[in-house]
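Have the structure open while you go through them.

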Amino acid sequence: MPPSQCFPGFALLALDRAAHHSIASRSLLALPHTPRFSTSAPRYGPPPRKGMVAPPKRGTKTLNVKKGKSSPSRDTTKRPAPGDRKALRKRIVLSNNNALEVPTLQDLHKDTVLSGENEGLVKGLPEDVVDALRAVEAFKPTQGWRLFRRPAILMRKETTLLAALFREVEGTANGQAKMTVRKVLIGERMSGKSTMLLQGLTMAFMRDWVVVNLPDAKDITIAHTEYAPLPGSQPTQYTQDIYTANLLSQIAKANQSILGNLPVTTNHSLPIPLPSKSTLKQLAELAITNPEASWPIFVALWKELTQPGRPPIMLAIDNLSHIMRNSEYLSADVKPIHAHDLALVRHFVDRLAGKTPLPNGGMILAATSGSNAPTSPALDFSIQVAEARQLNPESIPQWNPYKNVDQRVMECLKDVGVLKVAGLTKAEARSIMEYYAASGMLRAQVTEPFVTEKWSLAGMGNIGELERVSVRLRV
Amino acid sequence: MPPRLNIGSFARGIRYRAQRQSQWRIQPVIRTAIPRCRFYSDEKDPPVATRSKRIDSQSLPVVSEEAAKMAKITGTEGPELEQGTPIEEVVKDDKEAISKLPKVMQNALKAKPLDSTPKCSRSYSTTTTPTTAGGVDLGLVDFNLKTRPEVPGVKFGLPTLPIPKDAHVKHRYDPVVDQVTNLLMRHGEKSVAQRNMALILEHLRTAPIPTINPTRPLIPGAPPPSHLPLNPILYLTLAIDSVAPLLRIRSQRGAAGGGVALQIPVPLGQRQRRRTAVQWILAAATRRRHVGSGKGGFAQRVAQELISVVEGRSGVWERRNAVHKLGVAARANVVLPRKR
């Protein structure tokens with residue numbers, strides 16, 4: 001998979017230099033003269049003999065680059081190539097050959113994944129789903145997948161709630177308008193929000209939805225990928241071609257079984273020719289070779305997916321607060337660009353706000369982050385309001401009128417729902433700790449007092465902390 | 001429901017003399033409310049009480065109180081000391097009556113009994129789970145107030161013997177892990193050292209099974225190598241104990257004469273042996289190439305050094321052998337206590 005970021009313009013620089021060089025040589029031809037300063041003679045002459053060079057005068061400082069006792073021996077071995085260190089740091093390992101195979105672990109099945117009977121059980125992920133999840137970068141390097149034999153998830157209470165939403169979307173009758181669920185996952189740090197997002201993606205993959213996942217909003221807004229104004233947009237929007245091309249290749253790879261069977265039905269005015277009778281997969285893959293056309297391709301793909309009779313769409317993003325503020329990009333008049341002015345973010349935010357519903361139904365899921373979240377007061381406030389709307393509608397908090405408000409964020413999150421990812425119950429904690437023990441990663445007898453002890457050490461069932469105190473041997 | 005005032009729990013009985021019924025009748029209707037004791041404004045002691053602490057100088061309690069005490073001693077039912085009408089209990093299941101209660105009492109009835117969780121941003125907070133209806137469950141292990149033990153003078157029962165080794169708060173972790181963590185620590189940053197320790201153990205448990213070199217034997221009684229990754233603490237202990245030197249060489253000035261220091265081998269205790277071994281391993285790990293980036297680099301290098309120690313590839317083994325060889329050569333210098 002090509003990285004989302006790249007440094008453009010080196011080729012242009014080289015061209016520039018060549019141009020200047022040619023000018024210089026021509027001017028030299030016109031005016032030949034001897035150079036006043038040249039290092040050629042000493043460079044190409046024989047090396048001076050040892051006694052010939054006079055020692056430096058007393059008291060003068062000289063540069064000493066000799067290898068000696070005073071200078072430590074330098075490591076002359078080859079350094080890792082650029083990007084290798086980061087690749088090593090961000091590597092996703094999903095299996096540990098030392099961990100024991102859990103005999104009782106059963107895979108999720110397409111028919112039962114949405115039923116409530118799985119609640120409180122640890123379930124394995126089927127291999128094709130793991131590949132798809134890996135393709136959309138749903139696994140994160142900080143999560144503990146590398147400790148176990150194969151990826152498995154705990155079906156907790158919140159998962160059941162999410163599954164109920166899936167059932168609602170799928171259960172709408174033919175005549176009615178299809179439902180679009182819009183939810184923001186909230187919760188404390190390490191409470192499993194990203195994993196809950198992954199569970200949502202899993203369900204979507206298993207139910208043959210089309211999945212579009214923006215793995216980390218930070219990558220879109222921190223100005224590490226190139227951008228260009230979108231022609232004909234008012235106010236100006238900005239496309240990110242390399243990132244969009246990468247996203248389209250991820251979509252094509254993760255949903256290949258679905259997109260490979262859907263033909264292109266309408267005529268799109270794309271800058272590059274599309275072969276007749278092509279599938280949506282071919283349409284998406286067109287962007288890999290033509291990243292400059294990736295935004296029109298993305299728009300065309302979305303238009304195809306929203307034709308009647310197409311599968312529901314799962315649109316997800318992690319680390320929401322990065323797109324609820326100004327991005328790091330600058331406009332032509334050196335003003336910060338609001339993240340909602342980036343075309344890709346705008347596309348997501350319009351769906352999250354409910355401005356453009358999904359005609360075939362689907363789910364818009366956004367997860368907040370507890371560990372890498374820039375402050376976004378409007379987002380925090382909107383989450384508080386949404387929580388209050390669910391819990392006690394009598395006392396809804398009011399925005400402090402003396403504070404600046406990011407009106408676009410408030411507009412966007414006006415009526416979005418939240419799903420709070422809280423702590424595990426003790427039964428759930430016991431279930432996952434039994435899985436830890438069966439994998440050989442937890443060397444203890446899983447008894448009631450033991451579970452209770454770890455559960456309370458983990459801040460009353462915060463799953464990240466639970467993993468930390470029980471599996472990771474973090475003192 | 002807030003608990004009613006329990007007068008019996010006061011250190012000293014509050015004197016209250018029941019007024020006669022005839023006095024009540026002549027008072028206006030409003031005044032005939034529930035009689036109240038105003039504890040902060042009323043006089044604590046009746047005027048007859050003196051300041052003396054002697055029992056015989058203190059005034060007798062009120063009749064009803066005395067009767068209650070007597071009844072308690074004799075084990076019979078005495079007079080009810082509590083004053084006022086228990087309105088909350090009376091209207092408990094009567095919705096209509098509750099709706100006619102004064103606002104203050106309604107609010108008091110409505111208020112949740114310490115059930116709402118406080119706001120807190122800590123990850124280790126105790127707020128993660130919304131508490132259930134049955135009150136706050138703090139997850140205290142084996143802490144049951146209802147079953148008081150029969151042993152007198154012990155509040156929470158006697159512990160079961162023998163007390164486990166890690167029951168002491170200062171020795172709750174494995175001694176090797178503790179020692180290595182402290183040796184990993186730089187500039188007093190123990191939390192960083194603990195994180196590195198956890199990462200080292202994680203590397204050990206995800207690394208492939210080591211192959212043992214027969215020329216570098218591990219300590220006798222070592223488990224088969226296939227068991228090691230599943231028990232990373234044992235892995236660590238085994239690596240450290242296997243290369244730990246048995247002795248150190250002490251150089252005594254002037255003992256040999258002629259300006260030469262006398263080399264005297266000195267035996268080491270277990271903790272000292274481990275310390276030496278860990279310092280050797282850490283020195284070897286620092287010299288390794290740093291391949292990755294980020295926080296876990298050093299932990300990874302230490303873990304690789306530990307694995308190479310167990311596999312017999314590490315240079316630490318040579319160091320240990322050199323110390324042992326020198327010790328054997330200098331064994332004549334050991335001064336033993338004279339035999340009688």
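**Notes on the model**

1. Starting with chain B: its accessible surface is about 25000 Å², and carbon and sulfur atoms make up 56% of that. Areas are Shrake-Rupley values with a 1.4 Å probe, and for residues only the protein chains shown count as cover. Bear in mind that this is a predicted model, where local features need pLDDT of at least 70, side-chain atom pairs count only at pLDDT 80 or more, and totals for chains, interfaces and linings use all residues. Residues are numbered from 1 along each chain as its sequence is written, chains are lettered from A and ligands numbered from 1 in the order written, and side-chain values use heavy atoms, with hydrogens and water left out.

2. Chain B has eleven helices and two strands (DSSP runs, H or I of at least four residues for helices, E of at least two for strands, numbered from the N terminus). Along the sequence the order is α-α-α-α-α-α-α-α-β-β-α-α-α. Of its 340 residues, 25% are buried (under 20% relative accessible area; exposed is over 50%, partly exposed in between; 1.4 Å probe, protein chains only). Among the chain B contacts with a separation of 6 or more, 53% join residues 24 or more positions apart (contact: heavy atoms within 4.5 Å).

3. On to the cores (buried Ala, Val, Leu, Ile, Met, Phe, Trp, Tyr and Cys residues joined through side-chain atoms within 4.5 Å). The largest nonpolar core has 66 residues, and those with the most contacts inside it are A:I297, A:L320, A:I323, A:M324, A:F348 and A:L352. A second, separate core of 41 residues includes A:L114, A:A138, A:F139 and A:M196. Beyond its neighbours within four places in sequence, A:M324 touches several residues, including A:H340, A:V349, A:L352, A:L379 and A:C412.

4. Helix α4 of chain A (residues 127-135) has A:V129, A:V130, A:A132, A:L133 and A:A135 as its buried residues. They pack against α6 (193-206) and α8 (241-254) of chain A. After α4(A) comes A:E137, with a positive phi near 55 degrees.

5. Is A:N213 buried or exposed? This asparagine counts as buried because its relative accessibility is 4%. A:N213 sits in strand β5 of chain A (residues 210-214), and its side chain reaches the backbone oxygen of A:V136 at 3.0 Å. Leaving out residues up to four places away in sequence, the contacts of A:N213 include A:E137, A:A138, A:L201 and A:L247.

6. A:R430 pairs with A:E448, the closest N and O atoms being 3.0 Å apart. That pair links distant parts of the chain, from helix α15 (residues 426-438) to helix α16 (residues 448-457) of chain A, 18 residues apart. A:R430 is partly exposed at 26% relative accessibility, and A:E448 is partly exposed at 43%.

7. In chain B, the side chains of B:E311 and B:R313 form a salt bridge at 2.5 Å, N to O. B:E311 counts as buried because its relative accessible area is 15%, while B:R313 is exposed at 55%. Salt bridges that share partners also join A:D341, A:R346 and A:R408 into one network. Within it, A:D341 and A:R346 have their closest N and O atoms 3.5 Å apart, and A:D341 is buried at 13% relative accessibility.

Key: Polar contact = N/O pair within 3.5 Å; in protein donor to acceptor, adjacent residues only side chain to side chain. Salt bridge = Lys/Arg side-chain N within 4 Å of Asp/Glu carboxyl O.
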